[in-house]
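Here's a quick tour for anyone about to set up calculations on this one. Have a look at the structure first, then read on.

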Amino acid sequence: MTGDRAIRSILIVGGGTAGWMTAAALAHALPRGCAITLIESEEIGTVGVGEATIPPIRLFNETLGIDEADFLRATKGSFKLGIEFVGWGDLGHRYFHPFGTYGKPFDMLPVHQHWLAARAAGSNVPLDDLSMAWGAAKRGGFAPPQADPRSIGSTFDYAYHFDAGLYAAYLRRYAETRGVARVEGKVSDVARDGESGDVASVMLADGRRVEADLFIDCSGFRGLLIEGALTTGYQDWTHWLPCDRAVAAPCARIAATTPYTRSTAREAGWQWRIPLQHRTGNGYVYCSRFLSDDEAAATLMANLDGEALADPRQLRFVTGRRNLFWNRNVIAIGLSSGFMEPLESTSIHLIQAGIAKLLALFPTRSLDPLVRDEYNRIAIGEFERIRDFIILHYKLTRRQDSELWRYCAAMPIPDSLAERIAHFRRDGRLVTRDLDLFGAASWTAVHIGQFNLPQGRDPLADYLANPDVSRAFVDKLAAAIARAAETMPPHDAHLARLLQ
Ligand code: FAD
């Protein structure tokens, strides 16, 4: 694009996952006519713990023309079919949040309604067994979904676990090859235009000054531009999502890779387990009101699968979001825009969503407020829908064995979530909201997995099915999934073949 109105220069401040994903996508989308620069500071470093993703990441990579095998080789990645939640609904209880759907509906009634009817008639098939993703995951198998929509093997989806530092390095090579200029240096000051109030330039500690038309703040929790320079303000959601710290430590891989993330609820939070090719990532996300840092670190180190490969590393955060994601000529992407705790692996997705919105609403130099407002409207909706889904996991606990879980079970929740819980509890109905990232299967998994069982049934069920039909359907579906899953190779065998 050329001409007077075009954005001629973009400066990305920060070279973590957010900075390099943004740089790579912009380099791909703006092959000429716009100078893209990224400033990062090796001295400051990155957060570097984001390792689990959700299926839309595949679209990001595909759009950039990234080859899956090449990407998995470079990032030591593995395949992810969902998340196993251990001890969330209650102590000793577990369920799976699958990627994909529960089977395939055979009439107008959602599959979970048949499952509920079958259960009422005495069936003991777990809901998990109606998911192809879990069928494969519990056997440690993996193969890509089948293309034929009639096949049960087409009903699941997948994402990746990967080393976030290696992913950023991979995208750095991609971006630099396509013309992005990298500047090593520490931003020490930000200058604003006296007339417009927009950001005009950033100053580096060594005295260099870098100007641009548009600034992307990928500086992490600091929010150097969006908060440091523009004082945009932050909404704190800690009363709904009380975990505010994490301690992380990698450990040696000791067995076959499980093609899923595990989240184990603990006394004051939960522990993640993310298996990669060369190691397993672990971390304890906890609430500092109910647990000390030392206790959290000790619990984590006592619950590793294998030998620890590094000392535990502490991280602090405040769950919430910026009042605005795009303020003046600054767009915050990544941790600078807000923080959603990593329970459903959504932060890297939110980076991707920020980039997608930026490209869909790419501005001219006049920075039309209409465009900016639309970006903010969508971003706020995305953040709040994900927030509600994450709160759901905490709110639906039956646990009463520690302060955190008692607090969560009793805490007030946003009305937008209370309505959805009430609908499901009434008759198993899944109401949707504009900008939902998580669909019917995800909500069903958590509602049923954490005992929000409907008290009545969908009125449609009165017309369409009787319990025997539902029971036969559930048995048939579970058997078909088990058969299809048996034919899948072990995850590691599939990966090894792909990487060869
Ligand atoms: P950072 O990684 O902090 O990068 C900031 C960049 O800004 C760095 O390059 C730094 O050098 C630069 N910078 C800062 N200040 C200056 C300065 N003054 N001058 C120059 N450069 C500067 N996400 C997921 O999707 N899945 C997960 O499983 C997951 N797990 C997580 C677990 C925890 C405990 C936490 C805290 C986060 C997790 N995330 C996860 C989120 C994920 O880590 C981040 O979204 C992702 O790493 C993006 O971070 P970032 O690039 O915004 O910030």
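Let's start with strand E2 (residues 35-40), which is mostly covered: five of its six residues are buried. Keep in mind that this is a predicted model.

**Strand E2 and its partners**

Which strands does E2 pair with? One is strand E1 (residues 9-13), which runs parallel to E2 and is joined to it by five bridges. To get from E1 to E2, the chain passes through helix H1 (residues 17-29), and this β-α-β crossover is right-handed. Another partner is strand E7 (residues 181-184), again parallel, this time over four bridges.

The largest nonpolar core has 138 residues, and Leu130, Leu171 and Tyr394 have the most contacts inside it. Helix H10 (residues 369-395) supplies the largest share of this core, with nine residues. There's also a second, separate core of 18 residues, and both Val13 and Val183 belong to it, along with Val199 and Ala212 among others.

What does Tyr394 touch? Leaving out residues up to four places away in sequence, its contacts include Trp88, Trp270 and Trp405, plus Cys243 and Cys408. Leu241, Leu343, Ala409 and Met411 are on the list as well, and so is Glu341.

**Around the ligand**

There are 34 residues around the ligand, and those that come nearest are Gly15, Ala52, Val187, Leu335 and Ile348.

| Residue (polar backbone atom) | Distance to a ligand oxygen atom |
|---|---|
| Thr17 | 3.3 Å |
| Ser41 | 3.0 Å |

Last stop is Asp163, which you'll find in the loop between strand E6 (159-161) and helix H6 (164-177). Is Asp163 buried or exposed? The relative accessible area of Asp163 is 13%, and the cut-off for buried is under 20%, so Asp163 counts as buried.

What does the side chain of Asp163 make a polar contact with? Its partner is the side chain of Arg279, at 3.1 Å. Setting aside neighbours within four places in sequence, Asp163 is in contact with Arg279 as well as Glu51, Thr75, Leu276 and His278.

Technical notes
Residues numbered from 1 in each chain as written. Predicted model: local features only at pLDDT ≥ 70, side-chain atom pairs only at ≥ 80, totals over all residues. Heavy atoms only, no water. Core = buried A, V, L, I, M, F, W, Y, C linked by side-chain atoms within 4.5 Å. Buried < 20%, exposed > 50% of the residue type's maximum accessible area, 1.4 Å probe, protein only. Helix = DSSP H or I, 4+ residues; strand = E, 2+ residues; numbered from the N terminus. Contact = heavy atoms within 4.5 Å. Polar contact = N/O pair within 3.5 Å; in protein donor to acceptor, adjacent residues only side chain to side chain. Pairing = 2+ DSSP bridges. Right-handed = clockwise from strand over helix to strand, strands pointing away. Near = heavy atom within 4 Å.
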